[in-house]
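I opened the model to look up a few items and wrote down what I found. The entries follow in the order in which I checked them.

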Amino acid sequence: MSRFHQEVASGQRFEFGRNWQRFLKRLNGQRIRIAARSLQRRLGVSSLAGTSFLDAGCGSGLFSLAARQLGAFVTSFDYDPHSVACTMALRHRFFPNDPGWEVHQGSVLDREFLKSLGRYDVVYSWGVLHHTGAMWEAMDSVTLPVKPSGRLFIAIYNDQGWQSRAWRHLKRAYCRLPRGLKLPFLLAVNAPIQSAIFLRSLLLLQPHRYVLKRLLYRNNRGMSWWHDLVDWMGGYPFEVATPEAVIRFYRERGYIVDNFWTVRNRQGCNEFVFRNLSHVLLGNVAERTVVREADEPGQEAVAPLRGVQTHHSLTAQGDRRGAA
Ligand SMILES: C[S@@+](CC[C@H](N)C(=O)[O-])C[C@H]1O[C@@H](n2cnc3c(N)ncnc32)[C@H](O)[C@@H]1O
C-alpha cells in the first residue's frame with residue numbers, strides 16, 4: 001500500500017481527488033472561462049503565452065487547463081493519484097498528445113522531486129500547502145521551482161484562532177469516519193450552520209442573497225458550492241496562517257508582495273502573489289526583517305522593503321472564500 005493510501009486508510013488524509021472526480025462531471029465551458037478569468041485577474045495578465053507555469057497540487061486540473069488555454073507551458077502535479085487522474089483526463093480531453101502540458105504524481109514536500117521539475121515563471125499552489133501536513137515546510141519547498149523574478153501564487157487558509165482549531169478537530173473526525181457515516185456527519189455539522197446563515201438573511205430581509213450566492217457560486221473560480229463544502233468538511237490535514245505571518249515568511253526568503261487579497265477575520269483563503277527577488281535581496285537581511293504591527297489583518301502588515309516598490313492591493317474579500 002502506498003504512503004498516500006495508508007494515510008487515507010488511517011484517517012490522516014482526505015481524498016481530495018475523489019471529490020474532484022465528482023466535480024469534473026459538472027465541468028463545462030463556462031466554469032473553464034471563469035477559472036481562466038480568475039487567473040488573468042489575479043496575475044494581472046491577459047495572456048500567459050510563452051511563460052512556464054507549474055501547478056503544484058493541481059487538484060481537478062482546472063487551473064492547469066486554464067493556464068494552458070492562456071498559452072502557458074504547463075507542468076501539473078499532485079500527491080493524490082485521483083487528482084492526477086483528473087488532470088490527465090482534462091489534458092486528454094482538451095489537449096491530447098500536447099507536449100506543452102506535463103502531468104506528474106509527486107509531493108510538494110519532496111524537494112528532490114521539485115528540483116527535478118526545473119524552474120518556472122509562475123508557480124501556482126492554490127489551497128494546497130495547508131493540506132500537506134507540514135505547511136511551513138511546504139511553503140519553503142514551493143519556492144524551489146520559482147525562477148529569479150518569477151512569481152509564486154499561493155492561497156492559504158486564514159487563521160481564525162479557536163474557530164480554526166475547532167474545524168481542525170471536526171475535519172479530523174470526518175476523515176476517521178467509515179465511508180457510510182461521512183455524509184450524515186457532514187450534514188449534521190453543516191445544516192445548523194447553513195440554517196443560521198439563512199435565518200440571518202431572512203432577518204435582514206435578504207433571503208435572495210443566500211440563494212443567489214449558492215446558485216452563482218461558480219463565479220468563485222469556476223467552483224461548485226457542494227463540492228467545495230465537501231472539500232471544506234474533509235480538507236485534512238488542515239493548517240492556517242495569518243496574512244502577516246505568510247508575508248513575513250516569504251520576505252525572509254527574498255520575496256516581495258506583488259498583490260494580495262485577504263478575507264480579513266473570516267473563514268476562507270488569503271491569496272498572495274509574490275515575486276522572487278531573492279537573487280537581488282538576500283544580501284541584505286537586516287532590511288528584509290523590518291516588520292511592524294498590523295492595524296488590521298492583512299493591512300500594512302509588512303514595512304516596504306527599502307528601495308523596492310511593493311504594491312499591496314487590499315481587497316476586503318477575494319474571489320473565493322470557500323474551501324480549498
Ligand atoms: C483544495 S485542493 C486545491 C486544488 C487546486 N490547486 C485548486 O485550486 O483547485 C488541494 C490539493 O492539494 C493536494 N495536495 C495535498 N498535499 C499535497 C502534497 N504534499 N503535494 C502535492 N499536492 C498535495 C490535494 O491532493 C488536493 O488535490
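Which residues of helix α11 (residues 225-234) are buried? I noted His227, Asp228, Val230, Asp231, Met233 and Gly234. I call a residue buried if 20 or more other C-beta atoms lie within 10 Å of its own, exposed if 12 or fewer, and partly exposed in between, with C-beta atoms placed from the backbone. Helices (H or I, at least four residues) and strands (E, at least two) are DSSP runs, numbered from the N terminus.

Two notes on the source. This is a predicted model, in which local features need pLDDT of at least 70 and side-chain atom pairs count only at pLDDT 80 or more, while totals for chains, interfaces and linings use all residues. Residues are numbered from 1 along each chain as its sequence is written.

I then looked up what covers the buried residues of α11, and the cover includes α2 (16-24), α8 (162-176) and α9 (179-203). Contact here is two C-beta atoms, placed from the backbone, within 7 Å.

Whole chain: I found 14 helices and 7 strands in the protein chain. Of its 324 residues, 42% are buried. Among contacts between residues at least 6 apart in sequence, 72% join residues at least 24 apart.

Next I went to strand β4 (residues 120-126). Because 6 of its 7 residues are buried, β4 is largely enclosed by the rest of the structure. On one pairing, β4 runs parallel to strand β1 (residues 52-56), with 3 bridges joining them; Leu54 has Val123 of β4 as its bridge partner. Strand β5 (residues 146-157) also pairs with β4 in the parallel sense, over 6 bridges, and Ser125 stands opposite Ile154 of β5. Strands pair if DSSP finds at least two bridges between them.

I followed the chain from β4 through helix α7 (residues 135-141) to β5 and recorded a right-handed β-α-β unit. Right-handed means that, with the strands pointing away from the viewer, the path from the first strand over the helix to the second runs clockwise.

Last, I checked Phe113 in helix α6 (residues 111-116). Phe113 is partly exposed because 17 other C-beta atoms lie within 10 Å. Leaving aside neighbours within four places in sequence, Phe113 is in contact with Gly106 and Ser107.
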